[in-house]
Amino acid sequence: MRVIVPALVMAAATLVAPAAPSSSATTTRAAPPASTVATTTSAATKAASVPPGPRRYERRVVRHTNRVRRAHHLRALSRSTCLDRYAQRSANRIARSGRLTHQDLTPVLSRCGGWKVGENIAYGYRWPLWVVRAWMDSPGHRANILEPRYRRIGVGVRADGRGTVWVSQVFAYRR
């Protein structure tokens, strides 16, 4: 059986501080990942086809993001509880509304002690690796992931009532 994921819309935003925050946002359509699902009934196969829970999904997004950064000779990002909080708020909001819209990143600058912050959002990617690959295929998202000055990351994940996964990634570097 072949399962095709519908076309997805993603967006990336960056905000720079202090005096004149400028915002750039891009919206792209990513080619949907296709996956083949085997029809075996072994417990190991079933466990492998179940997507990870939200906390594991978040950790894996960070891991895959850091692998990409290291492959480009950049420092790995550290998790930030402050950025996690804003990323989770964003994921909750976009899942509730059913629309990809960016949050106002200005409070992140002051409350999380950032000089520059950015956000990637996406929905419909069942697996963390797929969402990171899709972001890397989009110039705006790729720029956020590969921004050399970013040192911290926060990730939020929320599944809506239909099981669609909504993801937010927030980046920052300190002054």
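Select helix 5 and display Pro128, Trp130, Val131, Val132, Ala134, Trp135 and Met136, its buried residues. Here, buried means under 20% relative accessible area, exposed over 50% and partly exposed in between, with a 1.4 Å probe and protein chains only. Helices (H or I, at least four residues) and strands (E, at least two) are DSSP runs numbered from the N terminus. Helix 5 spans residues 128-136 and is mostly covered, with 7 of its 9 residues buried.

This is a predicted model, in which local features need pLDDT of at least 70 and side-chain atom pairs count only at pLDDT 80 or more, while totals for chains, interfaces and linings use all residues. Residues are numbered from 1 along each chain as its sequence is written, and side-chain values use heavy atoms, leaving out hydrogens and water.

Next, select Tyr57, Val131 and Trp135, which touch the most other members of the 25-residue largest nonpolar core. Such a core is a set of buried Ala, Val, Leu, Ile, Met, Phe, Trp, Tyr and Cys residues joined through side-chain atoms within 4.5 Å. Helix 5 supplies the largest share of this core, 6 residues. A second, separate core of 11 residues includes Leu83, Val117, Val170 and Ala172.

Proceed to Cys82 and Cys112, whose sulfur atoms lie 1.9 Å apart in a disulfide (a pair of cysteine sulfur atoms within 2.5 Å). The torsion about their S-S bond is about -80°, so the disulfide is left-handed. Both Cys82 and Cys112 are buried.

Finally, select His73, in the loop between helix 2 (54-71) and strand 5 (78-79). His73 is exposed, with a relative accessible area of 75%, and its phi is near 60°, a positive value in a residue other than glycine.
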